[in-house]
Amino acid sequence: MSQGIAEVNDIRIWWEDFGDSSNPSILLIMGANANCMHWPPEFIEPLVNAGFHVIRYDNRDVGKTTWLNKEPLFSKLLKFLPSSIQIKFVDYIFGQGPNEDGVFTQNPDDASKAKYNLSDMAKDGIALMDHLKIDQAHILGASMGGMISQVIALDYPERTLSLTPIMSSPGMGDTNLSGMTPSMVQAIKDSYMLNLQGRDEDAIVCIYRVLSGSRFPFNEDKFREQLKLVIEHGDNPYTGHAEAVNASPSRLERLHEIKVPTLVIHGTEDAILPFDHGEAIAKGVPNSELMTLEGVGHELPAELNDEIISRLVEHFSKAIR
């Protein structure tokens, strides 16, 4: 195992790898507002034991990679106001976001407001591969990371051995796809309020509780214990990830361009990116496969780790290096 900082793409990217670097590489890309410590050892170690070289890294704005967005001034000022006013302000903010169906409608001005988009984040991943002298890799991403992985497969096909979008989407602003559940929208509001109160750990717990499906009930004590390492590594509640997603075009009409082996993994009870988002990716990418996780939310349950890893290893074996 080794780790380091790559000064690439005008930022500093923190990375860590596992296994023999001469083996086929897997690039793990985590989702929005989450650093790479969300990839647990029990997910990484079986892949290393199966003969792969695994890299995880912090996206820009989280962990130990460069933060381009920090707490805005209005948020700092809001902390001094009564909670009744804070609630009204939060309701106003989210009134400008998802519509009544839980869908984020894309505004043409979003691209100019965002400091970066998913294409920039895809370049981060490719730049890291260059830094580590990796010509090709299996690209595996969760949630927003799955969106970034799609961009890599589309724009850098020569660097992509295979594609695995997990609990992801071809485009958040597509009104033909289901929006977030009401409970998810409310959890995001509640989480923002908890951040204003300085209760950052509770804010994360609030979100992940709703992201869990019914098959494996949310274990708050276990999650809080695992969360300690994540927070210690660097938690930024004010990333520009949502803006980056909303400023990026839908990939739905381009998915047919992807020719590498593709495995889509998605839970049927995903509260933030419902199951039809995963189905849309699988339908759009020629010859792709869909692994359906019944009763699972926006999560990778430890109870299904063996089943998921086995399917991944089978999937990676289909790629020609």
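The side chain of Asp-270 reaches the backbone nitrogen of Ile-272 at 3.1 Å, a polar contact (a pair of N or O atoms within 3.5 Å; within protein, one must be able to donate a hydrogen and the other to accept it, and residues adjacent in sequence count only if both atoms are side-chain atoms). This is a predicted model, in which local features need pLDDT of at least 70 and side-chain atom pairs count only at pLDDT 80 or more, while totals for chains, interfaces and linings use all residues. Residues are numbered from 1 along each chain as its sequence is written, and side-chain values use heavy atoms, with hydrogens and water left out.

**Asp-270 and its surroundings**

- A polar atom of the Asp-270 side chain also lies 2.9 Å from the backbone nitrogen of Leu-273.
- You can find Asp-270 in the loop between strand E7 (263-267) and helix H11 (275-284); helices (H or I, at least four residues) and strands (E, at least two) are DSSP runs, numbered from the N terminus.
- Is Asp-270 buried or exposed? Asp-270 is buried, where buried means under 20% relative accessible area, exposed over 50%, and partly exposed in between (1.4 Å probe, protein chains only).
- Asp-270 has no salt bridge, a term for a side-chain nitrogen of Lys or Arg within 4 Å of a carboxyl oxygen of Asp or Glu.
- The nearest side chain of opposite charge, Arg-251, is 13 Å away from Asp-270; here Lys and Arg count as positive and Asp and Glu as negative, while His and the chain ends are not counted.
- Setting aside neighbours within four places in sequence, Asp-270 is in contact with Met-167, Val-296, Gly-297 and His-298, contact meaning heavy atoms within 4.5 Å.

**The whole protein**

- The protein has twelve helices and eight strands.
- Of its 321 residues, 53% are buried.
- Take the contacts between residues at least 6 apart in sequence: 75% of them join residues at least 24 apart.

**Strands E5 and E6**

- Why is strand E6 described as largely enclosed by the rest of the structure? Seven of the seven residues of E6 (residues 160-166) are buried, so the strand is largely enclosed.
- Strand E5 (residues 137-142) runs parallel to E6, and six bridges join them; two strands pair if DSSP finds at least two bridges between them.
- Within this pairing, Gly-141 stands opposite Pro-165 in E6.
- To get from E5 to E6, the chain passes through helix H6 (residues 144-155), and this β-α-β crossover is right-handed. That label applies if, with the strands pointing away from the viewer, the path from the first strand over the helix to the second runs clockwise.

- Ala-247 sits in the loop between helix H10 (241-246) and E7.
- With 15% relative accessibility, Ala-247 counts as buried.
- Although Ala-247 and Leu-118 are 129 residues apart along the chain, their C-alpha atoms are separated by 8.1 Å.
- Asp-135 belongs to the loop between helix H5 (118-131) and E5.
- Asp-135 has a relative accessibility of 62%, so this residue counts as exposed.
- Not counting residues up to four places away in sequence, Asp-135 touches Met-129, Glu-158 and Arg-159.

- Glu-201 forms one with Arg-224, the closest N and O atoms being 2.7 Å apart. Glu-201 lies in helix H8 (residues 200-211) and Arg-224 in helix H9 (residues 220-234), so the pair ties together parts that are 23 residues apart in sequence.
- Arg-224 also forms a salt bridge with Asp-202, where the closest N and O atoms are 2.8 Å apart. This pair links distant parts of the chain, with Arg-224 in H9 and Asp-202 in H8, 22 residues apart.
- Glu-220 pairs with Arg-209 in a salt bridge whose closest N and O atoms are 2.8 Å apart. Here Glu-220 in H9 and Arg-209 in H8 are eleven residues apart.
- Glu-201 is partly exposed at 30% relative accessible area, and Arg-224 is partly exposed at 22%.
- Glu-220 is partly exposed with a relative accessible area of 27%, and Arg-209 is partly exposed with 41%.
- A network of salt bridges links Arg-199, Glu-201, Asp-202, Arg-209, Glu-220 and Arg-224.
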